[in-house]
Amino acid sequence: MAVTEENRERLYKIAMIMMGGIKVLVTALLIDVGVSSLVEGYPIWPMYMMLGVMMILIIVSIVQMVRAK
């Protein structure tokens, strides 16, 4: 897939949304790891949920970029 003048703006917008979402999720993930290291018996499912959402975000963004030819 080549970046052309016609799809440049759309690809840039998709990439920026993806990077913003990843930034928020990584920050939340690090906060979750910090809290779980301080609190005894803290559940591990929020970490798995954030990692799953991050993977879904990346996959959806890649699919949108491929379709934005």
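In the predicted model described here, Ser-61 touches Ile-14 and Met-18, not counting residues up to four places away in sequence, where contact means heavy atoms within 4.5 Å. Ser-61 is found in helix H2, helices being DSSP runs of H or I with at least four residues, numbered from the N terminus. At 4% relative accessibility, Ser-61 counts as buried, a term that stands for under 20% relative accessible area, whereas exposed stands for over 50% and partly exposed for values in between (1.4 Å probe, protein chains only). Residues are numbered from 1 along each chain as its sequence is written, and side-chain values use heavy atoms, with hydrogens and water left out. Because the model is predicted, local features need pLDDT of at least 70 and side-chain atom pairs count only at pLDDT 80 or more, while totals for chains, interfaces and linings use all residues.

Helix H1 covers residues 8-38, and its 31 residues should span 45 Å at 1.5 Å a residue, which agrees with the 45 Å between its end C-alpha atoms; the expected span is 1.5 Å times one less than the number of residues. Helix H2, with 23 residues, reaches 33 Å from its first C-alpha to its last, close to the 33 Å expected at 1.5 Å a residue. The buried residues of H1 are Leu-11, Ile-14, Met-18, Ile-22, Leu-25, Leu-29 and Asp-32, and these residues pack against helix H2 (45-67). In H2, the buried residues are Pro-46, Met-50, Met-54, Ser-61 and Met-65, and they in turn pack against H1.

The largest nonpolar core has 6 residues in all, namely Met-18, Ile-22, Leu-25, Leu-29, Met-50 and Met-54. Each of the two helices, H1 and H2, supplies at least two residues of this core, and the largest share, 4 residues, comes from H1. A nonpolar core is here a set of buried Ala, Val, Leu, Ile, Met, Phe, Trp, Tyr and Cys residues joined through side-chain atoms within 4.5 Å. In soluble globular proteins, nonpolar side chains tend to be buried together. Within the model, Met-50 touches Leu-25, Ala-28, Leu-29 and Asp-32, when residues up to four places away in sequence are not counted. Met-49 is likewise found in helix H2, but Met-49 is partly exposed, with a relative accessible area of 47%. Between Met-49 and Leu-29 there are 9.6 Å in space, C-alpha to C-alpha, and the two are 20 residues apart in sequence.

Leu-38, which is found in helix H1, counts as exposed at 74% relative accessibility.

A search of the whole structure finds 2 salt bridges, each being a side-chain nitrogen of Lys or Arg within 4 Å of a carboxyl oxygen of Asp or Glu. In one of them, the side chains of Arg-8 and Glu-5 meet at 3.6 Å, N to O. Arg-8 is partly exposed, with a relative accessible area of 40%, whereas Glu-5 is exposed, with a relative accessible area of 60%. Arg-8 also forms a salt bridge with Glu-9, the closest N and O atoms being 3.8 Å apart. Through shared partners, these salt bridges join Glu-5, Arg-8 and Glu-9 into one network.
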